[in-house]
Amino acid sequence: ARLDFAPIEEQYGITFREYFAEDLRRLTTPENEALVTVGEESLEATPVGELFLRNLAICFDRWWREKHENSEKPVFSRTV
């Protein structure tokens, strides 16, 4: 799975790396674990990372973060 930044930048009039800077920082650990490759113009899940696309996508889900990140209640993944 690959996401090219240019079509999103054109459609929404944004600079992808600036608009999603915080979200891209959240991909640092998955990138270090060889689950995703973040380039200058795209990001791409590795073959192993494709098994965890939902987990990678959560990095971009601001609603989920606001609801769960500071919660004391444990959150269990439903991806596996």
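**Figure 1. Asp-4 and its partner across the sheet.** In this predicted model, Asp-4 stands opposite Ser-42 in strand S3. Strand S1 (2–4) and strand S3 (42–45) pair in the antiparallel sense over 3 bridges. Two strands are said to pair if DSSP finds at least two bridges between them. Helices (H or I, at least four residues) and strands (E, at least two) are DSSP runs, numbered from the N terminus. Residues are numbered from 1 along each chain as its sequence is written. Because the model is predicted, local features need pLDDT of at least 70 and side-chain atom pairs count only at pLDDT 80 or more, while totals for chains, interfaces and linings use all residues; side-chain values use heavy atoms, with hydrogens and water left out.

Figure 2. Strands of a sheet pair through backbone hydrogen bonds, either parallel or antiparallel.

**Figure 3. The hairpin of S2 and S3.** S2 and S3 form a hairpin, with 3 residues between them. These antiparallel strands are joined by 3 bridges.

Figure 4. Ala-34 is placed in the loop between helix H4 (28–32) and S2. Although Ala-34 is not a glycine, it has a positive phi of about 60°. Ala-34 has a relative accessible area of 46% and is therefore partly exposed; buried means under 20% relative accessible area, exposed over 50%, and partly exposed in between (1.4 Å probe, protein chains only).

**Figure 5. The surroundings of Asp-23.** Asp-23 has its place in helix H3 (residues 21–25). Its relative accessibility is 0%, so Asp-23 counts as buried. Not counting residues up to four places away in sequence, Asp-23 touches Cys-59, Phe-60, Arg-62 and Arg-65; contact means heavy atoms within 4.5 Å. Ala-57 and Asp-23 are 34 residues apart along the chain, and their C-alpha atoms are separated by 9.4 Å.

**Figure 6. The largest pocket and its lining.** The largest pocket has a volume of about 240 Å³. Of the 13 residues that line this pocket, Leu-3, Leu-43, Leu-56, Ala-57 and Phe-60 are the closest to its centre. On a 1 Å grid over the protein atoms alone, a pocket is an open set of points with protein on both sides within 12 Å along at least five of seven lines, whereas a cavity is a set of points where a 1.4 Å probe fits but cannot get out; lining residues have an atom within 4 Å of a point. Grid points are joined across faces, edges and corners, and a volume is the space filled by probe spheres set on the points. S1, S3 and helix H5 (53–58) each supply at least two residues of the lining. By class, the lining has 11 nonpolar, no polar and 2 charged residues. Ala, Val, Leu, Ile, Met, Phe, Trp, Tyr, Cys and Pro count as nonpolar, Asp, Glu, Lys and Arg as charged, and the others, Gly among them, as polar. Ala-57 lies in helix H5 and is partly exposed, with a relative accessible area of 45%.

Figure 7. Phe-52 is found in the loop between S3 and H5. With a relative accessible area of 30%, Phe-52 is partly exposed. The C-alpha atoms of Phe-52 and Pro-30 are separated by 9.7 Å, although these residues are 22 apart along the chain.
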